[in-house]
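Let's take a walk through this structure, ring by ring and strand by strand. Have the viewer open as you read.

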Amino acid sequence: TVTSSGGNTIHTFTSSGSLTGAYGVDYLIVSGGGAGGGTVVSGANAGGGGGAGGLLSGSGVIITKNTTYTITVGAGATGTTGQSANGSNSAFSAVATTVLGGGAGGSNASGNATYINGLSGGSGGGGSTHTTSGTGGAGTSGQGNAGGAGLVSAPNYPGGGGGGAGATGTTAPNGTTAGGGGAGTASSITGSSVTYAGGGGGATYGTGGTAGAGGAGGGGAGANNTGVGTAGTANLGGGGGGSCLNGTGNQVGGNGGSGVVILSIPTTKYTGTTTGSPTVTTSGANTILTYTSSGSYTA
């Protein structure tokens, strides 16, 4: 019996049989990381870390011979002096679920307290500080985790860490220490273990503070005193680190890292018909396609 659900075709066997011209592939989808929070006004404040791009993996999704499947690789967000942006989404058209970009870190944009909270995304951005402690953005179930909160507390008014695929971002624990980015998730789809989608660390204002570390899996570290947060790592979907003031009161947040889509295809079924110039390798009995830009695969 053939039915459909959420964009997927469902084949229900009540007796023995086979799918002619169809075969299963494994996949890893990572979206672009959110940018860390920036600042636009003088005062004691520091940006939150960007949330990691969402991560979704699975095995045995059925694709059909002579059908072309699209791959979308999300870009990391570019940090700004105001409210930074979320990362861009990634997708593999054989899978119904769109994987969401990471949420931006909270920012003290133009002194507007509305912007201090981290934004929701695949993983949520960390909170900033203004006159109150900004909350972390929510993560998306099955893709990532929430960001941590900032803390209005002297002397360094630290930001919270962005969430990662494997763990929540850390809330700033005291007035001198920012929250660290949440850890990402390890995958061995390429044949060796690589950790993806770590959250960005929060920043601290002034001297003597300890900025938040980036989460394992490409998360960028937060800045201390007057710095720009470290960018998330490209093709790992890491969140950008939070930033803090410079001499003019303006500072951009750290950029998010771009995402990646990886397919593991039985070599006996692999057609070699692709667009987007994926990197092609082998692992055991499988051919591995690593897409760092958007493209397609024809089964």
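Start at Y157, which counts as partly exposed at 21% relative accessibility; here buried means under 20% relative accessible area, exposed over 50%, and partly exposed in between, with a 1.4 Å probe and protein chains only. Before going on, some ground rules: residues are numbered from 1 along each chain as its sequence is written, and side-chain values use heavy atoms, with hydrogens and water left out. This is a predicted model, where local features need pLDDT of at least 70 and side-chain atom pairs count only at pLDDT 80 or more, while totals for chains, interfaces and linings use all residues.

Now the rings. A pair of aromatic rings is described by the distance of the centres and the angle of the planes. Rings of Phe, Tyr and Trp (its six-membered ring) pair here if their centres lie within 6.5 Å; planes under 30 degrees apart are stacked, over 60 edge-to-face, and the rest tilted. That rule gives 4 aromatic pairs. One of them is Y27 with F92, a tilted pair at 6.3 Å centre to centre and 55 degrees between the planes. Y27 sits in strand β3 and F92 in strand β6, so this pair ties together parts 65 residues apart in sequence. (Strands are DSSP runs of E, at least two residues, and helices runs of H or I, at least four, numbered from the N terminus.) Both Y27 and F92 are buried. Back at Y157, its ring and that of Y205 form an edge-to-face pair, 6.4 Å centre to centre with 70 degrees between the planes. Y205 is partly exposed too, with a relative accessible area of 26%. Ring pairs also link Y27, Y69 and F92 into a cluster.

Next, the inside. A nonpolar core is a set of buried Ala, Val, Leu, Ile, Met, Phe, Trp, Tyr and Cys residues joined through side-chain atoms within 4.5 Å. The largest one has 21 residues, and those with the most contacts inside it include Y27, I71 and F92. β3 (22–30) is among the elements giving two or more residues to this core, and β3 gives the most, with 4 residues. Apart from it lies another core, of 12 residues, among them V30 and L236.

Finally, the sheet. An open sheet of 4 strands runs β6-β5-β15-β12 with antiparallel pairing; strands pair if DSSP finds at least two bridges between them. β6 (91–92) and β12 (273–275) stand at the edges with a single partner strand each, so one side of each has no neighbour in the sheet. Within β6, F92 stands opposite I71.
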